[in-house]
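Please look it over before reading on.

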Amino acid sequence: MADIVRKQKVSVEGATVREHLQAMDDSAVVTAFLGGEERAFSELVTRYQTRLLNFVYRTIGDREKAEDLVQEVFIRVYRHLHRFDRSKKFSTWVYTIASNLAKNELRNRSRNPLVLFQTVQKNFQDEDRPLQFEDTTSRPDDMYRKRHLREIVEETVAKLPEHHRNVFILRELEGKSYEEIAEITDCNLGTVKSRLNRARNSFAEIIAPYVD
Amino acid sequence: MDCREFCDQHLAYVDDTLAGIELVRMQRHLAECQSCAKHDAKIRRALLLFRNLPSIEPSADFSRRLEARLRSSQRDNLFVSTQRNLRRSAIAATIASAIMLGYIGTTLFHSDAPRDLVMPPVVATVPEPEFTPITTSTPAIVASVSAGLTIWPAALFAEQVPVRFAHSSLELANYTR
């Protein structure tokens, strides 16, 4: 009986800590983790896993590899969090790591055409497509149209030059400010604006025939 | 405002970061220029499409795999740090041994070096006694030496005891030597 009560108490304490962590901002969660609260790391993972996965996936176009890279991001965060400059934004730091890993992945692919080919193949396999995209309430022809459009959008993004695509995704998908993008991509503000402007124009130009 | 200026400012216009006056100028140009209005619509429509791309979710075993990788990474870290410490200890021991061997070698094979330490000669002086020697008769002292104890005839220096008693051992040492 006492054992059950103790277990319940521990579980209630755990739930309270989790709720407490959820209410904190990133900086406070980082501080809690550095103070020895291991559950704080899980909170950071929960907050960033989907965002980072989408960012990396849109950048490299390979879902499986994107998951691996996001895991690598979290491992690096876990290892080096004590070195993180807490006067800066945690999200910017995490995105910088993710951006660099994605960049390395693309660089490796360009050196190894076989990998590139396999990746391109993978991108067009049905099972790689996110299932939740399908809206089961829509009519079949609507579903087909939506799916087709999504494929075109993804292909169009993939056609953008890497440095344009990176900036474009960070701004349009992640909603980062110009300043944050400049920090993540290690460019100056002018370069970010210029790349974003070009990326938007190129993207709109490529996709226009399919939309009109 | 001309079309070139409109295109230059379009990024900020779409992102709503233009100041009030600039915003009004852009809107006025849009109303006047059909080509720029078309360009603006094209960009906004494309962005809308991209922003509405469905979000993908991590796979079901993402957390489990991450946990496993973190655990493995921790083990690797521990192993690496242990290896590093061992390597450091080995390096330190090697350096210490090398220094010791070097020192021993230098000491043994360096013939010019003096083997013994040369210290300055010790100069010791016996302090001058500040007291007047005890005047006592020799037979009395000899008698006390044979007994193994300093048995001073009290009658001889009953008057001088407070002053001379402290020096009795010195006197005795002189006699017994």
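The sections below cover the model, a helix pair, a chain and a residue.

## The model

This is a predicted model, in which local features need pLDDT of at least 70, side-chain atom pairs count only at pLDDT 80 or more, and totals for chains, interfaces and linings use all residues. Residues are numbered from 1 along each chain as its sequence is written, while chains are lettered from A and ligands numbered from 1 in the order in which they are written.

## Two helices of chain A

In chain A, the axes of helix 3 (residues 39–60) and helix 5 (residues 90–111) come within 10 Å and cross at roughly 30°. Helix 3 of chain A is therefore roughly parallel to helix 5 of chain A (the term covers angles under 35 degrees). Axes here are lines fitted to C-alpha atoms, for helices over the stretch in contact, with angles from 0 to 180 degrees between N-to-C directions.

Residues are in contact if their C-beta atoms, placed from the backbone, lie within 7 Å. Helix 3 of chain A contributes residues including A:Tyr48, A:Leu52 and A:Phe55, and helix 5 of chain A residues including A:Val94, A:Tyr95 and A:Glu105.

## Chain B and B:Met26

Chain B has 7 helices and 0 strands; helices are DSSP runs (H or I) of at least four residues, strands (E) of at least two, numbered from the N terminus. Of its 177 residues, 6% are buried (20 or more other C-beta atoms within 10 Å of a residue's own, placed from the backbone).

B:Met26 lies in helix 2 (residues 20–32) of chain B. B:Met26 is buried because 20 other C-beta atoms lie within 10 Å. Leaving aside neighbours within four places in sequence, B:Met26 is in contact with B:Phe6, B:Gln9, B:Tyr13 and B:Leu18.

Technical notes
Parallel < 35°, antiparallel > 145°, perpendicular 65-115°, else oblique. Contact = placed C-beta atoms within 7 Å. Buried ≥ 20, exposed ≤ 12 C-beta atoms within 10 Å, placed from the backbone.
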